[in-house]
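Student: I am new to this structure and would like to know what stands behind each word used for it. Can we go through the terms one by one?

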Amino acid sequence: MRPGLIARAADWLWPPECPVSRVRVDTHGRFAAGAWGRLSFIADPQCIRCGRPFPYPGGTMSGALDTCAPCIARPPRYDRARAPLAYDEAVKPLVLALKNNDRRDMLAACARWMAVAAGDLLQPGSLLVPVPLHWRRLMQRRYNQSALLARALGRETGLEVETGALKRLRATPSQAGRSADGRKRNVAGAFQVDQVERVRGRHVVLVDDVLTTGATVSACVHQLRRARASGVDVVTLCRVVREEDVTI
Ligand SMILES: [Zn+2]
């Protein structure tokens, strides 16, 4: 069967649907026009460390113009983090579709957004490393959405991707519903750099789907720094902006 016919047969069997608006679209991998207005894209001004958008133009009420109050109080382990989207009810179906429904057709669009949001975090020679799943969970799920996003970002930018650089030693229970300290305890010691020679002296960009409290990425960054990465930045598809969304 010719590729065009296969694509048309696939469209008939699995009609292309926008994962945000849940309406039919022309082609797989497209968002419906209405989805754009519902998604909360993060724009400047934002914290230069964690990428949190500032509620006021020109910075926070603390007087610091470029760094948010939580980053001043407790600087994150990573150098900088960026995400194109704020996590909210509108983006949730997209996150779940990537996680559970294997919507690989949406990866290219997500990677384009992530590349734009990341800007100069993505340097020539940067190594893209996804947050890993434990092998048992990978067997159950069949794929790791963070690895798919990292590979898509690699295709978008031409940067090298190393999905095996980090290893998850324990199948940690879900972070959902845990406090910030509970999340830290849950992932403490859960990661290890499996390919030290690939990481040593490299600028690493850690890739994940959602940045919540940062406990998971922090545990990964700690190990990447121990393996002597020259710097570690983080790029995610979306990040929690409102405290009430930390429950995911
Ligand atoms: Zn910050």
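Tutor: Start with burial: a residue is buried if 20 or more other C-beta atoms lie within 10 Å of its own, exposed if 12 or fewer, and partly exposed in between, with C-beta atoms placed from the backbone. Helices (H or I, at least four residues) and strands (E, at least two) are DSSP runs, numbered from the N terminus. The model is predicted: local features need pLDDT of at least 70, side-chain atom pairs count only at pLDDT 80 or more, and totals for chains, interfaces and linings use all residues. Residues are numbered from 1 along each chain as its sequence is written.

Student: How many helices and strands does the chain have?

Tutor: There are 10 helices and 8 strands. By the burial cut-off, 33% of the 248 residues count as buried.

Student: What makes the overall size agree with a compact globule?

Tutor: The radius of gyration is taken over C-alpha atoms, and the globule rule is 2.2 Å times the number of residues to the power 0.38. For 248 residues a compact globule would have a value near 18 Å, and the chain has 18 Å, so the two agree. Along the principal axes, the C-alpha atoms fill a box of roughly 55 × 45 × 35 Å.

Student: Which residues of H7 are called buried?

Tutor: Gln145, Ser146, Ala147, Leu148, Leu149, Ala150, Ala152 and Leu153 are the buried residues of H7. Their cover includes H4, H5, E3, strand E4 (160-161), E7 and E8.

Student: How do you know what span to expect for H7?

Tutor: The expected span of a helix is 1.5 Å times one less than its number of residues. H7 has 13 residues, and its 18 Å from first C-alpha to last is close to the 18 Å expected. After H7 comes Gly158, with a positive phi near 80°.

Student: Which residues touch the most other members of the largest nonpolar core?

Tutor: A nonpolar core is a set of buried Ala, Val, Leu, Ile, Met, Phe, Trp, Tyr and Cys residues joined through C-beta atoms within 7 Å. The largest one holds 58 residues, and Leu149 and Leu206 touch the most other members. Among the elements that give two or more residues to this core are helix H7 (145-157), strand E7 (203-211), helix H10 (215-226) and strand E8 (231-239). In soluble globular proteins, nonpolar side chains tend to be buried together.

Student: What is Leu149 in contact with, leaving aside neighbours within four places in sequence?

Tutor: Two residues are in contact if their C-beta atoms, placed from the backbone, lie within 7 Å. On that basis Leu149 is in contact with Leu107, Cys110, Ala111, Pro130, Val207, Asp209 and Leu237. Across the chain, 71% of the contacts with a separation of 6 or more are between residues 24 or more positions apart.

Student: Why is Asp102 called partly exposed, and why is Arg228 called exposed?

Tutor: Asp102 has 13 C-beta neighbours inside 10 Å, so it counts as partly exposed. Arg228 has 12 inside 10 Å and therefore counts as exposed. Phi is positive at Asp102, near 55°, and at Arg228, about 70°. Asp102 lies in the loop between H4 and H5, and Arg228 in the loop between H10 and E8. Most residues other than glycine have a negative phi, and most peptide bonds are trans.

Student: Where is there a cis peptide bond?

Tutor: A cis peptide bond joins Asp44 and Pro45, with omega about 0°. Pro45 sits in the loop between helix H2 (33-38) and helix H3 (69-73).
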